[in-house]
Amino acid sequence: MAVAQGLFSVEKIPSVPGLSCLFCSGIHRAVLGYICIMHSIPKHCLFPLGDEALLLDFGNVLDEQVHARLMQVFHWLKKQKPLGVCDIIPAYNSIALAFDPRSLFNTSVMEKGLALLEQAWQSTSDTTQEMITEPIRIPVCYDPTLAPDLISLADSCGLDTDAVISLHCSVTYQVYMNGFLPGFAYMGTVPQAIAQPRHPTPRKMVPRGSVGIAGVQTGIYPLDSPGGWQLIGRTPVALFDADASEPCLLQPGQKVQFYPINLSAFEAWT
Amino acid sequence: MDLSPAIHFIRKGILDTLQDRGRYGYQHLGIAPAGVMDRVAMHMANALTGNPPTTAVIEMHFPGPAIRFTSDSLIALSGADALVLLNKQEPIPINRTVYIQAGTTLHIEKGLNGQRLYLAIRGGFDSSGWLNSCSTAQVFPKGGRVFVKNDVLGINTPTSLNQPNGFALPWFVPAVNYSNKIRFIPGQAYQQLTADSLERHSETFTISNNSNRMGYRLNGPSLVQRETHELLSSAVVFGTIQLLPSGQLIILMADHQTTGGYPCLGHVISADLPALAQMGAGTQLKLEPVDLLAAKRLRREQEKDLTLLENAINFRIEAFLKRYGSETTN
């Protein structure tokens, strides 16, 4: 098994798309655990994204605890609404701050960004309790007429479709980040037995509400869109409503559970 | 016929949208900011009409639209150099404050140099937007507008002057001359380039046909990292230079998605984004790494110049209107 080559280096892992996060050696666990109790931000984890944004990046191995720590920073910053910050973007193992250039007049993106992140990090260091959130329960119809990849995915996994559905519904997923489309939540972690890579060539049209798998990630398309994920079901629930006060149902940090509904329930859903 | 103060799209251009600085504050939800490709042109056009710098403008590509004005208006065009005709007769200048009388049609006839032309109107356009912005994202255009034939867009402040139609107010703004040197802040993948790739990345790249508001695909030397890994997705920005598995580069532009999973060679400095925005398929460019200090200095110089311009023109417009004009606010 590969050995970590330095405190935050990237472990050499088989490059099966989406499976990298599973191969987390004991050494890496200790390292990632250390991040959570660190007193201040390690400067070599800070990267400018041009001269108007900054990224705090903890590397390439996914860890729930590190993500939870980043979410604390995210929530603290969102609440503080620091002047000049126009966006705060959490992801799997990172958080980015985007600045209004006018607020950088007398300072630099690294200076201002580091100061804010440092403040957020230290202000949240005592928050030992993870924010308990009720999982959002999302109904999914796993009928093959709505799920063009369900049968082929089951075949590839050597399972029957009932087992696939059961496994997909067996986990409480974490929303790690949103991206790609308004309200598209990247959720993990899909059970290994059904973690199939995305299609090499994306479909030109994936209908809104389609539930997909890409490696250990699962997600729901909030809009009709091109897409390459393995489509195993469809939800009648709206993931995105532009006119609502909260336009996106799913946001980073939330927990999600899926439960199966049949075709008639799907069609009757209001 | 509706004669409330507005512009009417008599002829559709290939891509004309309403844009401002962008829809910020929601990227954590996956809502992409969009916004103008060329911020300097937006500032200049707004400065020339006495508008606040980030007032929404119409971003036009070539072939351009034909636009009819139902009321007297004070307008400005900035960005690309183009042939713009007043009532299909005389050309009106770019980078000037121009008076347009009610009933006039402007034809954006031909692009001469550059890819994007911006139209600002004094007082701005009547648009309520979405989430505090009128920008138009390709993937979900709510809050913005994609203009087609017969579309109508209200204007807020008809401005009448005691001057002939097409009169260019007596001040000049120098056209901006951009070089083909695109400077960038190195990203994580830059440190990982092989020695050979480190040399080759400063060679000439050409913007391919597969380029638009979302991103420019570059044709050029193939770049390779010493080690490649499957990356976890993270936030990207306007100007992020991604290194694809094929060894080719793609520069994310205004309509970029909020996150990406490809290695980042670096990120174009904000001062060079307007130059990049005016490049199109076939344009050649060279990439040059610079540090944050240089990027900041260049951005501040640009901002300073724009602010001086704004102040100078504002003063002149107020004086001119006092003497020659009248405005009614909607």
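This is a predicted model: local features need pLDDT of at least 70, side-chain atom pairs count only at pLDDT 80 or more; totals for chains, interfaces and linings use all residues.
A salt bridge is taken here as a side-chain nitrogen of Lys or Arg lying within 4 Å of a carboxyl oxygen of Asp or Glu. Leaving aside neighbours within four places in sequence, the residues in contact with B:D255 are B:A34, B:T136, B:A137, B:Q138, B:R213 and B:M214. For B:Q138, the backbone nitrogen lies 3.4 Å from a polar atom of the B:D255 side chain.

Over all chains, the structure contains 15 salt bridges. One of them joins two chains, because A:D51 lies in the loop between strand 1 (46-48) and strand 2 (53-57) of chain A whereas B:R299 belongs to helix 5 of chain B. The closest N and O atoms of A:D51 and B:R299 are 3.0 Å apart, and both residues are buried. Within helix 5 of chain B, B:E301 and B:R297 are four residues apart, about one turn of the helix, and their side chains form a salt bridge at 3.6 Å, N to O. B:E301 is partly exposed, with a relative accessible area of 38%, and B:R297 is likewise partly exposed, at 46%. Salt bridges with shared partners also connect A:D51, B:R299 and B:E303 into one network.

The interface between the chains brings 37 residues of chain B into contact with 55 residues of chain A. About 4,000 Å² is buried between chain B and chain A, 60% of it on carbon and sulfur atoms. Three salt bridges cross this interface, and 20 residue pairs are in polar contact between the two chains. On the side of chain B that touches chain A, the elements contributing two or more residues are strand 14 (234-235) and helix 5 (292-324) of chain B. Helix 5 of chain B contributes the most, with six residues. By class, this side of chain B comprises 15 nonpolar, 13 polar and nine charged residues.

The largest nonpolar core has 33 residues, of which B:L249, B:L265, B:L276, B:L285 and B:L287 touch the most other members. Helix 4 (residues 273-277) of chain B supplies the largest share of this core, four residues. Apart from residues up to four places away in sequence, B:L287 touches B:I182, B:F184, B:H201, B:S202, B:F205, B:I241, B:L249 and B:L265. A second, separate core of 28 residues includes A:M38, A:L56, A:V85 and A:W121.

Helix 1 (residues 39-48) of chain B is largely enclosed by the rest of the structure, because ten of its ten residues are buried. The elements covering these buried residues include strand 3 (57-60), strand 5 (73-86), strand 7 (97-100), strand 8 (105-121), helix 4 and helix 5 of chain B. At the N-terminal end, helix 1 of chain B is capped by B:D38, a side-chain oxygen of which lies 3.1 Å from the backbone nitrogen of B:V40. Helix 1 of chain B is followed by B:G50, which has a positive phi near 70°.

Definitions and conventions:
Residues are numbered from 1 along each chain as its sequence is written. Chains are lettered from A and ligands numbered from 1 in the order in which they are written. Side-chain values use heavy atoms; hydrogens and water are left out. Contact means heavy atoms within 4.5 Å. Buried area is the accessible area (1.4 Å probe) that two parts lose on being put together, summed over both. A polar contact is a pair of N or O atoms within 3.5 Å; within protein, one must be able to donate a hydrogen and the other to accept it, and residues adjacent in sequence count only if both atoms are side-chain atoms. Ala, Val, Leu, Ile, Met, Phe, Trp, Tyr, Cys and Pro count as nonpolar, Asp, Glu, Lys and Arg as charged, and the others, Gly among them, as polar. A nonpolar core is a set of buried Ala, Val, Leu, Ile, Met, Phe, Trp, Tyr and Cys residues joined through side-chain atoms within 4.5 Å. Buried means under 20% relative accessible area, exposed over 50%, partly exposed in between (1.4 Å probe, protein chains only).
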